[in-house]
Amino acid sequence: MTTTRDIVTAYYAAFNAGDTDAMLALVADDMRHDVNQGEPRHGKALFAEFNVHMTHCYREQLTDMVIFAEGNRAAAEFIVNGTYLATDEGLPAASGQTYRLPGGAFLSVNDAGLIDRVTTYYNLQDWLKQVGA
């Protein structure tokens with residue numbers, strides 16, 4: 001039996017490997033993606049579009065990962081180590097700036113063993129300072 005912790009661990013391993021197909025294989029078609037800034041995304045298709053955009057603009061690795069799981073819910077705490085590759089609309093110009101910032105996420109897993117919610121948090125003001133805004 002695969003546990004919530006196993007599923008979330010696999011999801012973040014795929015993230016760190018840059019394997020968005022593996023990430024998408026772990027999420028439900030009707031998933032909800034809540035981001036720190038902006039409107040929630042509903043559905044795997046919008047999450048896939050988001051991942052294409054993020055891969056274009058950012059290269060990130062998560063370190064110092066700690067995952068807590070209870071039942072079908074999980075929380076993850078990590079450090080985002082990134083490079084700002086291409087200017088993201090409404091944000092400062094990208095010139096390869098690097099950043100390191102704490103982040104966290106809350107996730108839930110449905111009865112089919114797929115992630116049906118990812119809610120992420122980070123400090124946007126800290127990120128803006130680090131990229132020179």
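How many residues apart are F47 and F50 in helix α3, and how many helical turns is that? I started my notes here, keeping in mind that this is a predicted model.

**Entry 1: the F47/F50 pair.** Helix α3 covers residues 44–57, and F47 and F50 sit three residues apart in it, so about one helical turn separates them. I looked up burial next. F47 counts as buried at 1% relative accessibility, and F50 is buried too, at 17%; the cut-off for buried is under 20%.

**Entry 2: ring geometry.** I counted eight aromatic pairs. F47 and F50 make one of them: the ring centres are 6.4 Å apart and the planes meet at 20°, so I noted the pair as stacked.

**Entry 3: Y58 and W127.** I found both of these residues buried. Their rings pair edge-to-face, with 6.1 Å from centre to centre and 65° between the planes. Y58 belongs to strand β3 (residues 58–70) and W127 to helix α4 (residues 124–130), so this pair ties together parts 69 residues apart in sequence. I also see Y58 and W127 in a cluster with Y84 and Y99, linked by ring pairs.

**Entry 4: the whole chain.** I get four helices and six strands, running α-α-β-β-α-β-β-β-β-α along the sequence. The radius of gyration is 15 Å, close to the 14 Å from the globule rule for 133 residues, so the chain is as compact as a globular protein of that length. The C-alpha trace spans about 45 × 30 × 25 Å along its principal axes. I have 39% of the 133 residues down as buried.

Note on methods: Residues are numbered from 1 along each chain as its sequence is written. This is a predicted model: local features need pLDDT of at least 70, side-chain atom pairs count only at pLDDT 80 or more; totals for chains, interfaces and linings use all residues. Side-chain values use heavy atoms; hydrogens and water are left out. Helices (H or I, at least four residues) and strands (E, at least two) are DSSP runs, numbered from the N terminus. The radius of gyration is taken over C-alpha atoms; the globule rule is 2.2 Å times the number of residues to the power 0.38. Buried means under 20% relative accessible area, exposed over 50%, partly exposed in between (1.4 Å probe, protein chains only). Rings of Phe, Tyr and Trp (its six-membered ring) pair if their centres lie within 6.5 Å; planes under 30 degrees apart count as stacked, over 60 as edge-to-face and the rest as tilted.
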